[in-house]
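Hi,

Here is the structure I promised to pass on. Have a look at it first, and my notes follow below.

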Amino acid sequence: MNTKFHETTKGLARSLRRCSALRRFNAGFAGMALVCLALVRPAPAQTSVVCDPAGDSVFGSGKGGPRVPDWLDIAQATITDAGANILFTLTVNAPIPLAPAWSVADEDGGQLWWSWRFVNSIADIGFVSNGCLQAKGQNVPACYCLDLIWSTQAASFRARLLDDTSCTEISIPLAFSSDRRAFSLFVSKTLFTNPALVRDPNSFQFLTEIIVWKAGSNGNTSLTILDNAPSQTGGRFILGAWSSSSNTTYGCP
């Protein structure tokens, strides 16, 4: 884990609490950092942390297929309060390449996703039929999807927040750590406009996933989950918990 990066991002989260003029992040990460660093004052920033075992990322449910690279294996996911915004950070077990290459995604111009999925709570999960993420006839949980996406066709990264009930997508600013083993996405709480998915952006439940999308467009059934945290074990559906009023951890030493 890049400890220095996590301390820096948590410090940035604390400073963001003082930067109300930048709530929408429209000025971009560089401008945000220049203004906020001048206004830094210590303030508590509540953080939810989920840890994941190394080496548990597999393709095809472990029944054969190519070995999954360590940069597609989750080590830790954190969500940190930043006042009017939320800082999402995902750490993996090896540096994410500048141009990721893996045969499963490369063979047909596919995509790789490092993702969060979040809902009000596990108790009231609904489902979307014929939604944005699967083909007709498929059902997926109704949720917000926050994704860092590498497209082999475009040869580029992008980050988005997706409401998978309406297919509404918003571009999100991102930053990699210096060693590229972690990245952060900066999301304004005002973007959570669908109360059926998230009633209060200060409290929700979440799951992180790494996904390979074997075709480059929506409306197919080639979405394969390689890893998730919390790990889904014993036939149970397990989510982490986020709260802006308390620190939480799951699966960490």
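Let me start with a charge over a ring: Arg180 lies over the face of Phe176, at 4.0 Å from the ring centre. Arg160 and Trp113 make another such pair, with the charged end of Arg160 over the ring of Trp113 and 5.1 Å from its centre. Please keep in mind that this is a predicted model.

Next, the aromatic rings. A pair of rings is described by how far apart the centres are and by the angle of the planes. With ring centres within 6.5 Å as the condition for a pair, the count is 16 aromatic pairs. One to look at is Phe88 with Phe118: the ring centres are 5.6 Å apart and the planes are at 15°, so this pair is stacked.

Asn228 is found in strand β13 (residues 223–229). Its relative accessible area is 17%, so Asn228 is buried, given that the cut-off is under 20%. The side chain of Asn228 reaches the backbone nitrogen of Gln232 at 3.3 Å. Leaving aside residues up to four places away in sequence, Asn228 touches Asp52, Ile74, Leu207, Thr208 and Glu209.

Happy to hear your thoughts once you have had a look.

Best wishes

How values were computed: Residues are numbered from 1 along each chain as its sequence is written. This is a predicted model: local features need pLDDT of at least 70, side-chain atom pairs count only at pLDDT 80 or more; totals for chains, interfaces and linings use all residues. Side-chain values use heavy atoms; hydrogens and water are left out. Rings of Phe, Tyr and Trp (its six-membered ring) pair if their centres lie within 6.5 Å; planes under 30 degrees apart count as stacked, over 60 as edge-to-face and the rest as tilted. A charge sits over a ring if NZ of Lys or CZ of Arg is within 6 Å of the ring centre and within 35 degrees of the ring normal. Helices (H or I, at least four residues) and strands (E, at least two) are DSSP runs, numbered from the N terminus. Buried means under 20% relative accessible area, exposed over 50%, partly exposed in between (1.4 Å probe, protein chains only). A polar contact is a pair of N or O atoms within 3.5 Å; within protein, one must be able to donate a hydrogen and the other to accept it, and residues adjacent in sequence count only if both atoms are side-chain atoms. Contact means heavy atoms within 4.5 Å.
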